[in-house]
Amino acid sequence: MARNFVPQIITANDLFEGDVIYLKADGTWARDIAEAHIADSVEQVETMLKIANGQQGSIVGAYAMKIEIDADGKPAPDHFREEFRTRGPSNYFHGKQADTKQIGA
């Protein structure tokens, strides 16, 4: 029996800034997971990965990430590792953490 497809987005790291980034529908990248394009088929995931991997001069480590869809229809991490990555580095407040004043949520 075939498994049901789980919605996915493409994530990577910005090669120059180091930030976690998410592939948008137009092939550009966002630092906010809410802007990520949600793939609804295996074929879409493969196409999106090809787009991401064609940008190796500006990104590193692209992969498909399983997600859940929140009440607003936005992607949300399906695993604690991905939730952790949405917050940015944890050694001190900088980047996303400094901008949003996040405190160990």
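Glutamate 35 is partly exposed, with a relative accessible area of 43%, where partly exposed covers the range between buried (under 20% relative accessible area) and exposed (over 50%), judged with a 1.4 Å probe and protein chains only. The model is a predicted one, in which local features need pLDDT of at least 70 and side-chain atom pairs count only at pLDDT 80 or more, while totals for chains, interfaces and linings use all residues. Residues are numbered from 1 along each chain as its sequence is written, and side-chain values use heavy atoms, with hydrogens and water left out.

Glutamate 35 forms a salt bridge with lysine 24, their closest N and O atoms being 3.8 Å apart; the term stands for a side-chain nitrogen of Lys or Arg within 4 Å of a carboxyl oxygen of Asp or Glu. This pair links distant parts of the chain, since glutamate 35 sits in the loop between S3 and H1 and lysine 24 in the loop between S2 and S3, 11 residues apart. Lysine 24 is likewise partly exposed, at 24%. Side chains of opposite charge can pair when their charged atoms come close.

The structure holds 3 salt bridges, and Asp14, Asp19 and Arg31 are linked in a network of them. Arginine 31 meets aspartate 14 at 3.1 Å, N to O; arginine 31 lies in the loop between strand S3 (29-30) and helix H1 (42-53) and aspartate 14 in strand S1, so the pair ties together parts that are 17 residues apart in sequence. Aspartate 19 forms a salt bridge with arginine 31 as well, with the closest N and O atoms 2.6 Å apart.

A polar atom of the threonine 11 side chain lies 3.0 Å from the backbone oxygen of isoleucine 21.

Turning to the chain as a whole, the secondary structure comes to 3 helices and 5 strands, where helices (H or I, at least four residues) and strands (E, at least two) are DSSP runs numbered from the N terminus. Read along the sequence, these elements follow the pattern β-β-β-α-β-β-α-α. Of the 105 residues, 31% count as buried. Among contacts (heavy atoms within 4.5 Å) with a separation of 6 or more, 51% come from residues 24 or more positions apart.

Terms used
A polar contact is a pair of N or O atoms within 3.5 Å; within protein, one must be able to donate a hydrogen and the other to accept it, and residues adjacent in sequence count only if both atoms are side-chain atoms.
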